[in-house]
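Open the model in your viewer and keep the selection tool ready. We will go stop by stop.

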Amino acid sequence: MTNLGSDPSTLLVRVPEPELMDDDEQARAYAEADFAEPHNHFVQLLKETFPQLPSTGTALDLGCGPGDITLRFARAFPAWSVEGWDASEAMLHYGYQAVAAAGLQDRITLKKVYVPQSDTASFPLIFSNSLLHHLADPMALWTEVKQQSGPETAVFIMDLMRPAKRKTASHFVDLYAQGEPEVLRRDFFNSLLAAYRVNEVKDQLVKAGLGELQVREVSDRHLIVWGQIST
Ligand SMILES: C[S@@+](CC[C@H](N)C(=O)[O-])C[C@H]1O[C@@H](n2cnc3c(N)ncnc32)[C@H](O)[C@@H]1O
């Protein structure tokens, strides 16, 4: 089967991409990109999905990268703290700078952690953006979500969705990454090809024993997974 989308009746097959974003040029382009629209959408959807979060707590941001969503969450939820985990030094370098520049070191802690690791904890809220499609094994995310959950942990995950056609991925790059550096446009294209579809994520959740979480499309290129864990 080809994954080049040459046969109009053939859905684009997933093409994995490297797990960690640990190249400095790649990390810098990502850290400097303008993700205001999708990242504000992330925080807004999280708020709408969980209107009754506890008034305070420590959230876990899995695959936090340079911390843009971590910071947006911390600003939107001023009584909360956040731990951001990422295994890329290059990404965390930009994250530490951004947290310091925002003066939010008292509420945001970024750590070098490869997911999944073996410790367990009980965070009241776990969120993640655009980690799932990077993982060599998607079960890594769902295993970590389970390991870091306690009774009534709220889970909110957003990721890209793989389009039906390769040319749609190219179109999205032109539409949403216009004028961005070539390395960022390339990564976005590869990420779209590496992303999962709603049905694939539903299958992962059932396999992980997390069938109580729900999945839905929230834009032309994003899906969310959300729900409350009952452990
Ligand atoms: C596309 S970036 C998303 C960053 C951030 N969440 C955001 O939305 O801006 C994906 C991040 O996941 C990290 N990552 C990939 N696989 C990982 C793993 N197994 N453990 C920890 N971090 C991982 C990468 O290094 C990268 O920083």
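**Stop one: the ligand**

Select Ala 87 first: one of its backbone N or O atoms lies 3.3 Å from a nitrogen atom of the ligand. That is a polar contact, a pair of N or O atoms within 3.5 Å; within protein, one must be able to donate a hydrogen and the other to accept it, and residues adjacent in sequence count only if both atoms are side-chain atoms. Taken alone, the ligand exposes 600 Å², and the protein buries 99% of that (accessible areas by the Shrake-Rupley method with a 1.4 Å probe; for residues, only the protein chains shown count as cover).

Before moving on, note that this is a predicted model, where local features need pLDDT of at least 70, side-chain atom pairs count only at pLDDT 80 or more, and totals for chains, interfaces and linings use all residues. Residues are numbered from 1 along each chain as its sequence is written, and side-chain values use heavy atoms, leaving out hydrogens and water.

Now select Asp 86. An N or O atom in its side chain is 2.7 Å from an oxygen atom of the ligand. For the side chain of Tyr 30, the distance from an N or O atom to a ligand oxygen is 3.0 Å.

The ligand is surrounded by 21 residues (a heavy atom within 4 Å). Glu 19, Gly 63, Asp 86, Val 115 and Asn 129 are the closest.

**Stop two: two helices**

Select α1 (residues 24-32) and α7 (residues 182-194). Helices are DSSP runs (H or I, at least four residues), strands are E runs of at least two, and both are numbered from the N terminus. The two axes come within 9 Å and cross at roughly 90° (lines fitted to C-alpha atoms, for helices over the stretch in contact, with angles from 0 to 180 degrees between N-to-C directions).

Show side chains. Glu 25, Gln 26, Ala 29 and Tyr 30 in α1 meet Val 183, Leu 184, Arg 186 and Asp 187 in α7 (heavy atoms within 4.5 Å).

**Stop three: two loops**

Go to the loop between β3 (108-112) and β4 (123-129), where Pro 116 is found. A cis peptide bond joins Val 115 to Pro 116, with omega about 5°.

Finish at Ser 130, in the loop between β4 and α5 (139-147). Ser 130 is not a glycine, yet its phi is positive, about 60°.
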